Amino acid sequence: MEHLYEKLLQNARGDMYPYHMPGHKRHGWGELPEELYRIDITEIEGFDNLHQPGGILQTLQKAASEIYGAEETYYLVNGSTCGILSAVSCALPFAGHILMARNCHKSAYYAAYLRHLKISYLYPQLLKEYGILEGITPAKVQEAMEREPDIGAVLVVSPTYEGRISDVAGIARVVHGKGIPLIVDEAHGAHLGLAEGFPQNSCQAGADLVIHSVHKTLPALTQTALLHVNGGRIDRERLRRFLRIYQTSSPSYPLMASIDNALQYAALEGREAFKRFRLRYQKMLEALAGCSVLRFLPPEEAQDVGKLLIGVGEAGITGRQLYQILLDRYHLQTEMAAGQFVLAMFTVNDTQEAYERMTAALVEIDAGLAAGQVADKRRIEAPACRDEVQWELAQESLALDQAWEMETEYVTLQAGEGRYAGEFINLYPPGIPVAVPGECLDGKTCHYILQCVRQGLTVQGIHIEESSDALERRITFKVLKL
């Protein structure tokens with residue numbers, strides 16, 4: 001099979017002169033590699049068109065569908081965001097009713113806003129020891145659908161950002177029993193179902209629409225993703241319409257070549273590479289088992305391999321403080337920090353050095369914490385946030401599509417209790433809303449936001465006025481002006 005990167009190289013080495021876009025004309029400037037410019041083209045002769053494929057892109061998308069066990073697969077160059085927007089938009093009529101997990105990425109809320117959807121929530125259980133959310137159970141979906149029989153589609157996240165995996169096959173049976181489609185945001189699971197010893201992916205489990213971020217867990221460039229479709233519950237032409245709306249009309253050929261390259265690697269090298277990945281990860285956890293203060297969530301049926309969740313427990317520091325120690329002292333850049341944990345991601349492309357450096361650092365930090373040694377006393381002054389998120393917010397709320405259009409005003413965090421949120425508030429990463437426009441904010445949620453700010457976490461949707469005292473900074477955010 002012809003592959004896109006090879007074809008791009010052949011074109012770059014030929015004598016065809018580019019009297020077409022892009023404007024760099026395959027010549028670089030500055031420090032960016034010349035080769036990057038040489039393979040960056042538009043939809044010229046012989047290179048197909050992503051929005052109406054009939055050549056190499058059609059062949060590559062067909063190959064991707066076979067790898068994942070899907071009926072159809074679409075390359076995405078606007079990330080999983082455009083896949084989620086398209087999936088939600090096509091699965092429901094305008095002003096339809098969606099049942100979605102409360103821990104969905106903010107792009108799912110944007111789709112609901114744009115399509116004026118009524119939203120009902122699935123609330124995952126909290127794994128209190130680590131302050132993370134569990135997967136969604138089929139029983140929760142069944143209960144919600146019986147309570148509101150007009151629900152037209154269901155959206156869940158599996159694996160979650162922290163690696164918790166839901167029983168997608170069980171959920172699909174429940175959802176399909178009502179004759180409606182199941183959408184799975186599997187952005188963090190592009191590696192699932194590709195090798196022995198890994199859980200099946202959501203296409204194999206029976207979901208109708210599945211979104212994968214190829215760049216998150218496979219060796220692909222940032223912004224690359226896939227959208228898979230199965231079964232007869234989805235109007236394929238309607239889906240393609242929304243992909244044309246939400247995806248750029250000038251798709252990047254280097255990004256599409258990156259998708260092809262990553263999937264080619266999985267097909268040719270995946271069996272041994274994934275086996276090596278799993279073995280190295282397991283050995284690292286065995287070495288960390290002797291830690292007395294830090295805790296680690298092991299891979300199991302409900303936990304994805306590669307998501308190293310480091311719980312601070314009663315260590316006397318917050319996740320953010322551990323994050324900073326790993327960064328400053330050991331030069332280890334982890335994925336994110338929260339009140340009770342740090343998340344470090346491992347993939348099939350990590351070398352043995354990655355495991356050795358992380359293991360050595362965590363063992364040394366654990367020994368220091370156990371001995372009561374903290375290098376920087378200032379780092380532990382901020383109180384740890386034990387209730388990671390108050391997920392079941394006040395039931396009193398306004399519809400998102402109405403609330404986000406209403407007049408707002410800024411108030412202090414202290415004055416926000418009992419008011420309706422006028423903007424999304426979320427930690428980034430991962431981009432899951434703590435508050436959604438139209439939700440009535442309770443005191444616990446306001447306190448949680450304050451704790452996140454005090455711990456140095458990145459909170460989007462608020463305004464912070466700097467002060468000499470980090471604990472006394474004035475925090476304001478938008479509420480509805482009712």
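Predicted model: local features only at pLDDT ≥ 70, side-chain atom pairs only at ≥ 80, totals over all residues.
View 1. Strands of a sheet in general pair through backbone hydrogen bonds, in either a parallel or an antiparallel manner.

View 2. The strands follow one another in the order β10-β11-β13-β12, and their pairing is antiparallel. At the edges stand β10 (295-296) and β12 (336-337), each of which has a single partner strand, so one side of each is left without a neighbour in the sheet. Helix α11, made of residues 319-330, lies across β11 (307-311), β12 and β13, and its direction makes an angle of about 45° with β13.

**View 3. The open sheet of 7 strands.** Here the order is β1-β9-β8-β7-β6-β2-β3, and the pairing is mixed. The edges are formed by β1 (72-76) and β3 (118-122), and because each has a single partner strand, one side of each is left without a neighbour in the sheet. On average, and with direction ignored, neighbouring strands of this sheet are turned by 20° against each other.

**View 4. The pairing of strands β2 and β3.** Strand β2, which spans residues 97-101, is joined to β3 by 5 bridges, and the two strands run parallel. Within this pairing, A101 stands opposite L122 in β3.

View 5. Helix α5 lies across β2, β3 and β6 (153-157), and runs at about 170° to β2. Helix α7, made of residues 168-177, lies across β6 and β7 (182-185), and runs at about 155° to β7.

**View 6. The packing of helices α4 and α5.** Two packed helices are described by the angle between their axes together with the distance between the axes. Helix α4 (residues 79-91) and helix α5 (residues 106-114) pack at an angle of about 40°, and their axes are 8 Å apart. The two helices are therefore oblique to each other, and their crossing is right-handed. On the side of α4, the residues T81, I84, L85, V88 and S89 take part in the contact, and they meet S107, A108, Y110, A111 and L114 in α5. Sorted by class, this contact of α4 with α5 contains 7 nonpolar and 3 polar residues, but no charged residues.

Methods:
Residues numbered from 1 in each chain as written. Heavy atoms only, no water. Pairing = 2+ DSSP bridges. Helix = DSSP H or I, 4+ residues; strand = E, 2+ residues; numbered from the N terminus. Contact = heavy atoms within 4.5 Å. Axes fitted to C-alpha atoms, helices over the stretch in contact; angles between N-to-C directions. Parallel < 35°, antiparallel > 145°, perpendicular 65-115°, else oblique. Left-handed = near helix turned anticlockwise from the far one by under 90°. Nonpolar A, V, L, I, M, F, W, Y, C, P; charged D, E, K, R; others polar.
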